[in-house]
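Here are my comments on the model you sent.

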There are 2 protein chains.
Amino acid sequence: MYLHGRNVLKELLGIDSSRLRIKRILFTNQRNVDTQLLELAKEAKVKGFRIEEMPPEKLANLCREKKHQGVVIDLKEFSYVDSEKMLDNLEKQSTATIVLLDQIQDPHNLGAIIRTSVAVGADAIAITSSNSAEITPAVVKVSAGLAFSIPVIKIVNMAQFEKSLKERGFWIYASDMNGTPYYENEYSEKSAIIFGNEGKGVRRLVKERSDVLISIPMERTVDSLNVAAAAAIILFDRRRQLTVRGA
Amino acid sequence: MYLHGRNVLKELLGIDSSRLRIKRILFTNQRNVDTQLLELAKEAKVKGFRIEEMPPEKLANLCREKKHQGVVIDLKEFSYVDSEKMLDNLEKQSTATIVLLDQIQDPHNLGAIIRTSVAVGADAIAITSSNSAEITPAVVKVSAGLAFSIPVIKIVNMAQFEKSLKERGFWIYASDMNGTPYYENEYSEKSAIIFGNEGKGVRRLVKERSDVLISIPMERTVDSLNVAAAAAIILFDRRRQLTVRGA
């Protein structure tokens, strides 16, 4: 996977995660580059990464973007985490939060929800394997590199995954216009919260299998919120509630 | 201003606002278009809009995008609202919310914050006139057409605008990492809430002139939230507080 850009490199250099595997960092071989780029190259060297230099056109070919700002990062493919192993680990924790995305299709939304999930302290993100955006360079960029800071599970069988969650003591909440207002909901210490597709929301069967539907009260003239905004509101309010409760 | 796409047209047809001025709706003159497009054309006709047909290449030239899905909407330029007139109107209300954006530069963030602001019931959005994204077709698209559902003010002199706000009984809150947790803050019925630039946050002088700094507590390993996520969290929590208070 090839990423590009100075901010992205800066963010990746700041991430301490075994899931982030940088193969090489490729800089432009142009002379007279500015000090920002030189400093980034120096920092990358100090941290022990393999550095290469090549013509800017070659960088553009690799990352398929002319505006690479003189730097391309060559990463190992994104590795998803095994769901059973993940759930076994979480079972030992007294509180746990899983963000479950039911067919989110816009890479921008997926990246934004990942960034929010890491900031709120969620333990894992689960995405459906069909009809979903995957972890691509665009998603990593919007996530500010944080896609590597949280385990991401790809769910093949949603019904089976929900069953596994319940067996391990999780309560499942699905966001839906017809649910309880999110701030009136008392979340379980172990919560999986489902956000649905941009157009259709959470699928009917998925909603039926969940324990509680939660909604975000808003102006009547507005159809719906952007799903990344909805996730930010609900996830941070759960954090607020647990803080106030002292959990 | 030219917008394109079926979802965008659908959203615009649903908006009832004197600020939205559709000059013409341009459809492809190709035969054998699908029923969705025919239905949209029918709906547009019923609502009394001027319809024209032209070759798809011409549509692409107008909106500068090949993937226009057979429809381009020709709008009057976006009209900003006069700040003094706006503030005079709001003075009569017992509660009012102004979302103030200090040099937000990413059109995606601006569009997302507009959509959130309309959903939360804010009365106006104010953007700085320098170093800010403006209301472009890209912004309107991300806002789901809602940029036309809320007055947008362009601030030339921030200090003067803040003075005007205070004279009219507004309290000014600025989001900042070092503020009071947002859920502990008791908002005034009349609130202006400031969100800052993606990289630098709210400018120092702007912070100093505001009444209260508010923060979003999050995991220590994370630098910051995306500003559109931060706005969603803070604005909806203010709505929650006012609802709980019965305001």
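**Notes on the predicted model**

1. Overall make-up. The secondary structure of chain A amounts to nine helices and ten strands. This is a predicted model, so read every value below as computed from it. Along the principal axes, the C-alpha atoms of chain A fill a box of roughly 60 × 45 × 35 Å.

2. Burial and contact range. Chain A has 247 residues, and 45% of them count as buried. Take the contacts in chain A between residues at least 6 apart in sequence: 81% of these join residues at least 24 apart.

3. Domains. Chain A splits into domain 1, residues 2-75, and domain 2, residues 83-245. Their centres, taken over C-alpha atoms, are separated by 32 Å. Nine residues from domain 1 of chain A and seven residues from domain 2 of chain A take part in the contact.

4. The domain 1 side of that contact. Which elements give two or more residues to the side of domain 1 of chain A that touches domain 2 of chain A? They are β1 (2-4) and α1 (6-13) of chain A. α1(A) gives the most, with three residues. By class, this side of domain 1 of chain A has six nonpolar residues, one polar residue and two charged residues.

5. Symmetry. Two copies of a chain are related by a rotation about an axis and a shift along it. Here, a rotation of 180 degrees with 0.0 Å of shift along its axis superposes chain A on chain B, and the RMSD is 0.0 Å. That is the relation of a two-fold axis. Which residue of chain A comes closest to the rotation axis? It is A:Ile233, with its C-alpha at 2.3 Å.

6. Interface between the copies. Of the interface residues of chain A, 100% are also interface residues in chain B, so the copies meet through the same surface.

7. One residue to look at in chain B. B:Arg50 sits in the loop between α2 (35-46) and β3 (51-54) of chain B. Is B:Arg50 buried or exposed? B:Arg50 has 12 other C-beta atoms within 10 Å. The cut-off for exposed is 12 or fewer, so B:Arg50 counts as exposed. B:Arg50 and B:Arg24 are 26 residues apart along the chain, and 4.9 Å separates their C-alpha atoms.

Conventions
Residues are numbered from 1 along each chain as its sequence is written. Chains are lettered from A and ligands numbered from 1 in the order in which they are written. This is a predicted model: local features need pLDDT of at least 70, side-chain atom pairs count only at pLDDT 80 or more; totals for chains, interfaces and linings use all residues. Domain bounds come from an automatic or database domain assignment. Two residues are in contact if their C-beta atoms, placed from the backbone, lie within 7 Å. Helices (H or I, at least four residues) and strands (E, at least two) are DSSP runs, numbered from the N terminus. Ala, Val, Leu, Ile, Met, Phe, Trp, Tyr, Cys and Pro count as nonpolar, Asp, Glu, Lys and Arg as charged, and the others, Gly among them, as polar. A residue is buried if 20 or more other C-beta atoms lie within 10 Å of its own, exposed if 12 or fewer, and partly exposed in between; C-beta atoms are placed from the backbone. Copies are superposed by least squares on the C-alpha atoms of residues with pLDDT of at least 70 in both.
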